[in-house]
Amino acid sequence: MTRVKRFTPQFAAMIDEAARVCFGNRPVVNHRTDFKLLKKIPYAPVAVNYYVPNMVPGMRKLVPEFKSDLEERREEKLIRLKSRNKGPPKKGQGSRAKKRK
């Protein structure tokens with residue numbers, strides 16, 4: 001029966017360090033290292049580009065009469081409401097002014 005040779009502690013430490021470098025494993029410790037967060041793919045570039053940049057100010061510089069979709073819809077709605085006499089009251093004709101009379 002042959003005897004199994006054990007590595008010296010220094011040689012075992014060298015093997016562990018080489019394995020850690022090759023395979024990306026960290027040594028086992030009894031506290032939190034947050035290495036898991038470092039291995040994650042960063043999502044900041046995706047989060048920054050999630051929303052489309054606002055083009056309205058740039059378009060207004062190029063074309064002064066430019067109106068966004070929201071502004072066009074508001075104007076159309078205001079025209080429809082005014083045609084049915086449901087638009088905003090004239091200045092001084094609001095509900096607060098009516099209470100005083």
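The expected span of a helix is taken as 1.5 Å times one less than its number of residues. Helices (H or I, at least four residues) and strands (E, at least two) are DSSP runs, numbered from the N terminus. The model is a predicted one, in which local features need pLDDT of at least 70 and side-chain atom pairs count only at pLDDT 80 or more, while totals for chains, interfaces and linings use all residues. Residues are numbered from 1 along each chain as its sequence is written, and side-chain values use heavy atoms, with hydrogens and water left out.

**Helices**
- The chain has 6 helices and 0 strands, in the order α-α-α-α-α-α from the N terminus.
- Helix H1 (residues 9-23) has 15 residues and should span 21 Å; its end C-alpha atoms are 21 Å apart, so the two values agree.
- Helix H5 also has 15 residues, and its first and last C-alpha atoms lie 21 Å apart, close to the expected 21 Å.

**Overall dimensions and surface**
- The radius of gyration of the chain is 36 Å, whereas a compact globule of 101 residues would have one near 13 Å. This radius is taken over C-alpha atoms, and the globule rule is 2.2 Å times the number of residues to the power 0.38.
- The C-alpha trace spans about 110 × 40 × 25 Å along its principal axes.
- Of the 101 residues, 2% count as buried (buried is under 20% relative accessible area, exposed over 50%, partly exposed in between, with a 1.4 Å probe and protein chains only).

**Charges**
- The chain carries 26 positive and 9 negative charges, and their mean positions are 11 Å apart.
- Lys and Arg count as positive and Asp and Glu as negative, with His and the chain ends not counted; each charge is placed at NZ of Lys, CZ of Arg, CG of Asp or CD of Glu.

**Aromatic pair**
- Rings of Phe, Tyr and Trp (its six-membered ring) pair if their centres lie within 6.5 Å; planes under 30 degrees apart are stacked, over 60 edge-to-face and the rest tilted. By this rule there is 1 aromatic pair.
- The ring centres of Tyr50 and Tyr51 are 4.9 Å apart and the planes stand at 90°, so this pair is edge-to-face.
- Tyr50 and Tyr51 are both exposed.

**Loops and backbone angles**
- Gly24 follows H1 and has a positive phi, near 75°.
- Val63 sits in the loop between helix H4 (56-62) and helix H5 (69-83), and counts as partly exposed because its relative accessibility is 30%.
- Val63 and Gly24 are separated by 39 residues in sequence and, C-alpha to C-alpha, by 56 Å in space.
- Most residues other than glycine have a negative phi. Asn85 has a positive phi, near 60°.
- Asn85 is exposed, with a relative accessible area of 71%.
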